[in-house]
Each structure stands twice: as structure tokens, then as C-alpha cells.
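Work through the exercises below with the structure open. Try each task before reading its solution.

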Amino acid sequence: MTARRVLVVEDEPHTREVVEAYLERQGLWVTAVGDGSQALDAFAHHRFDIVVLDLNLPGLPGEEVCRRIRDVSDVPIIMLTAKGAEEERVAGLDLGADDYLVKPFSPRELVARVRALLRRAHVGEEPQRARVAYGPLEIDLSAHRVFCDGEEIELTASEYRLLTVLSRFPGRVYTRMELVEKVLGYDFEGYERAIDSHVKNLRAKLGDDPREPRFIHTVFGVGYRFDPGDDTAEGAGHDAGTT
Ligand code: CA
């Protein structure tokens, strides 16, 4: 039996160490990081069974980390919030966090919540391999791995998000602005070019020729759509097995 993996995101070193020590004592495998970008990076490269997320982080806010994780995964998330920060808490729960603890909290209470969520997440279900295939392109949504023509493709977190967002509904057109929101998490203008670069890099990695695309089509003046062609789609979107 493999140990359950926990991602702990907390910028305050003492709290981080205490949380890490308590969870490790439970036989959990802990990865502890100090900010949101490290968290997303860890999340893009490893599979976690639960995330403990401080909302008040330097740089990328905890809410944003929560939203980006939730966009690609239904992993249980426990937020750590400041006393009195109701708005934060509501925002976090709106974004799909499962539970929260108000600081200062007892590490034992945290351990109890983590165990409860792990139990809830695994009641009556085997962890499913959510794998979707579009012709030569395969996406392993639980392991965050992508294969094209039988070769594993190394994608950045943004490229992976872009690919999963676009391929979730093949044939659907996404505007650049929508992709900025869904992939980068910003809701203001000016980042459309960043999406263009991510698309360019993703195409290069997938060996996709923009003039004769196998996967990602440019919709002129609008944005992009993922369309692997009528005869190659084996999965009708990602919904099977991921909910
Ligand atoms: Ca903090």
C-alpha cells in the first residue's frame, strides 16, 4: 500500500514545519512548499491525495492556487485562513476548497480534518485513471502526463492547462480572453499574447503544424479550438472518470 501524498503550501516556516511533522507522523508523504508557484509546479509534476493550502501567501494568492488546482483536479483542499477573514474563506469555498481551518489552529485538529477528507475522498471508489485519448494524443489527467504518437511530451504547467482546457470540449471555440482566465488565471486584458506564445510552444511540442493542424486550430480574430478530427476522438471530453 502506498502512502497518501499531501501537498502543504504555507509561507510561514514554523507553521510549515509543524504541519509537516504532524502529517508525517501519520504516515503521510508530505511535500511542503512556501509559495503558490512552487505549489502549482509540484502539483503539475506529482499526484497528490490532498492539499493543505494557506490562503495568505506572498506572490500568487492562495485563492488563485486553489482555483488553478480545481480547474484540473478534484483533489481535496483544506484552506488555512486568518481569523476574521470570512470573505477569504467564502471565496476559497466558492472556488471549490473542501474545508478550512482558522489560524491559529491545533495541529491535531488539522490531522483530524485531513484524515476525514482522505476517508471521504476514497469511500467506495477506487482511484480512477482518468485517461483520455484523441487519436495519437493521450492525456493522463490523474498523473498530469501527456503522450503524443507514443512519446511522452514534457509540458509546462501553463501548456498542460491550455491543452486540458481546450481539449475538454473538442470543437468548442475559446476566445483568447477566456483562455487567459482559464489558463493563466488573470481576469484583465493584455495577456492575450501570452496565450499565443503558449499555443505556439504547445503546438511545437505536439508537432502540430498551424497551417494543417491535427489538434489545435486557430479561429481567426477569435481564438483557438481543439479539434482532433471526427474519426480520431475516442473520448467525448474529460468528464468520464474525473468527477
Ligand atoms: Ca501566510
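**Exercise 1. Find the ring that Arg5 lies over, and give the distance.**

Solution. Arg5 lies over the face of Phe48. The distance from the ring centre is 5.5 Å. The criterion is that NZ of Lys or CZ of Arg is within 6 Å of the ring centre and within 35 degrees of the ring normal. Now turn to Arg25. Its charged end sits over the ring of Tyr22, 4.8 Å from the centre.

A note on the model: it is predicted, so local features need pLDDT of at least 70 and side-chain atom pairs pLDDT 80 or more, while totals for chains, interfaces and linings use all residues. Residues are numbered from 1 along each chain as its sequence is written, and side-chain values use heavy atoms, without hydrogens or water.

**Exercise 2. Which residues coordinate the calcium ion?**

Solution. Step one: list the donors, meaning N, O and S atoms within 2.8 Å of the metal (3.2 Å for Na, K and Ca); water is not among the atoms, so sites may look incomplete. They are Asp11 (OD), Asp54 (OD) and Asn56 (O), at 2.1 to 2.4 Å. Step two: read the spacing, D-x42-D-x1-N. Asp11 is in the loop between strand S1 (5-9) and helix H1 (13-25), and Asp54 is in strand S3 (residues 50-54), so the pair ties together parts 43 residues apart in sequence. Helices (H or I, at least four residues) and strands (E, at least two) are DSSP runs, numbered from the N terminus. Step four: check burial (buried is under 20% relative accessible area, exposed over 50%, partly exposed in between; 1.4 Å probe, protein chains only). Asp11 counts as partly exposed because its relative accessibility is 30%. Asp54, at 3%, counts as buried.

**Exercise 3. Which rings make up the cluster linked by ring pairs?**

Solution. The members are Tyr134, Phe215 and Phe226. Rings of Phe, Tyr and Trp (its six-membered ring) pair if their centres lie within 6.5 Å; planes under 30 degrees apart count as stacked, over 60 as edge-to-face and the rest as tilted. The structure holds three aromatic pairs. Take Tyr134 and Phe226, one of them: the centres are 4.9 Å apart and the planes at 70°, so the pair is edge-to-face. Tyr134 lies in strand S6 and Phe226 in strand S12 (residues 223-226), so this pair ties together parts 92 residues apart in sequence. Next, Phe215 and Phe226: with centres 6.3 Å apart and planes at 10°, the pair is stacked. Finally, check burial. Tyr134 and Phe226 are buried. Phe215, at 1% relative accessibility, also counts as buried.
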